[in-house]
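Please keep the sequence and the model in view while reading.

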Amino acid sequence: MPAGLPGIGDPERRGDNRRRCAECGNLAGNGRCLAVARREVVASRTYAPAPDWLRRCEGFKPQPGDPDQRPGRDRWPGL
Ligand code: SF4
């Protein structure tokens, strides 16, 4: 997580269930989204999402430290 941004457990994010791409297990080291590359999320295959933007994404994959281990399509079924 980039320095200066509140993490998942930070009080500033209480009541906000959005996540950053930087908190997603599908963000590759080169900045590309692996879920997009697998065509699980519709976007250009070379899509490089903004890593710090809070969002709700059907392809979201929680990392081990995330207190909510549901994938995006279960967290936000309306997407
Ligand atoms: S699956 Fe969604 S939340 Fe995860 S890196 Fe890709 S665009 Fe971001």
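Is Arg13 buried, partly exposed or exposed, and how many other C-beta atoms lie within 10 Å? Arg13 is partly exposed, with 15 other C-beta atoms within 10 Å; here a residue is called buried if 20 or more other C-beta atoms lie within 10 Å of its own, exposed if 12 or fewer, and partly exposed in between, with C-beta atoms placed from the backbone.

This is a predicted model, in which local features need pLDDT of at least 70 and side-chain atom pairs count only at pLDDT 80 or more, while totals for chains, interfaces and linings use all residues. Residues are numbered from 1 along each chain as its sequence is written. The predictor's confidence in each residue, pLDDT, runs from 0 to 100; its mean over the protein chain is 92, and 96% of the residues reach 70 or more.

The protein chain contains two helices and two strands, where helices (H or I, at least four residues) and strands (E, at least two) are DSSP runs numbered from the N terminus. From the N terminus on, these elements follow the order β-α-β-α. The radius of gyration of the protein chain, 12 Å, is close to the 12 Å that the globule rule gives for 79 residues, so the chain is as compact as a globular protein of that length; the radius is taken over C-alpha atoms, and the rule is 2.2 Å times the number of residues to the power 0.38. Along the principal axes, the C-alpha atoms fill a box of roughly 35 × 30 × 20 Å. Of the 79 residues, 20% count as buried.

The ligand is surrounded by a shell that includes Cys21, Cys24, Asn26, Pro49 and Gly59, a residue being near a molecule if its C-beta atom, placed from the backbone, lies within 6 Å of it. By class, this shell has ten nonpolar, two polar and no charged residues, with Ala, Val, Leu, Ile, Met, Phe, Trp, Tyr, Cys and Pro counted as nonpolar, Asp, Glu, Lys and Arg as charged, and the others, Gly among them, as polar.

The largest nonpolar core has nine residues, namely Cys21, Cys24, Leu27, Cys33, Ala35, Val36, Val41, Cys57 and Phe60; such a core is a set of buried Ala, Val, Leu, Ile, Met, Phe, Trp, Tyr and Cys residues joined through C-beta atoms within 7 Å. Not counting residues up to four places away in sequence, Val41 touches Cys33, Ala35, Val36, Cys57, Glu58 and Gly59, contact meaning that the C-beta atoms, placed from the backbone, lie within 7 Å.

Arg13 lies in the segment before S1 and, leaving aside neighbours within four places in sequence, is in contact with Pro6 and Ile8. Leu34, placed in helix H1, is in contact with Asn26 and Ala28 under that sequence exclusion. Arg39, in the loop between H1 and strand S2 (54-55), has a positive phi of about 65° although it is not a glycine. Asp74 lies in helix H2 (residues 72-75), and its C-alpha atom is separated by 9.6 Å from that of Phe60, 14 residues apart along the chain.

| Residue | Exposure | Other C-beta atoms within 10 Å |
|---|---|---|
| Arg39 | exposed | 10 C-beta atoms |
| Asp74 | exposed | 11 C-beta atoms |

How values were computed: Two residues are in contact if their C-beta atoms, placed from the backbone, lie within 7 Å.
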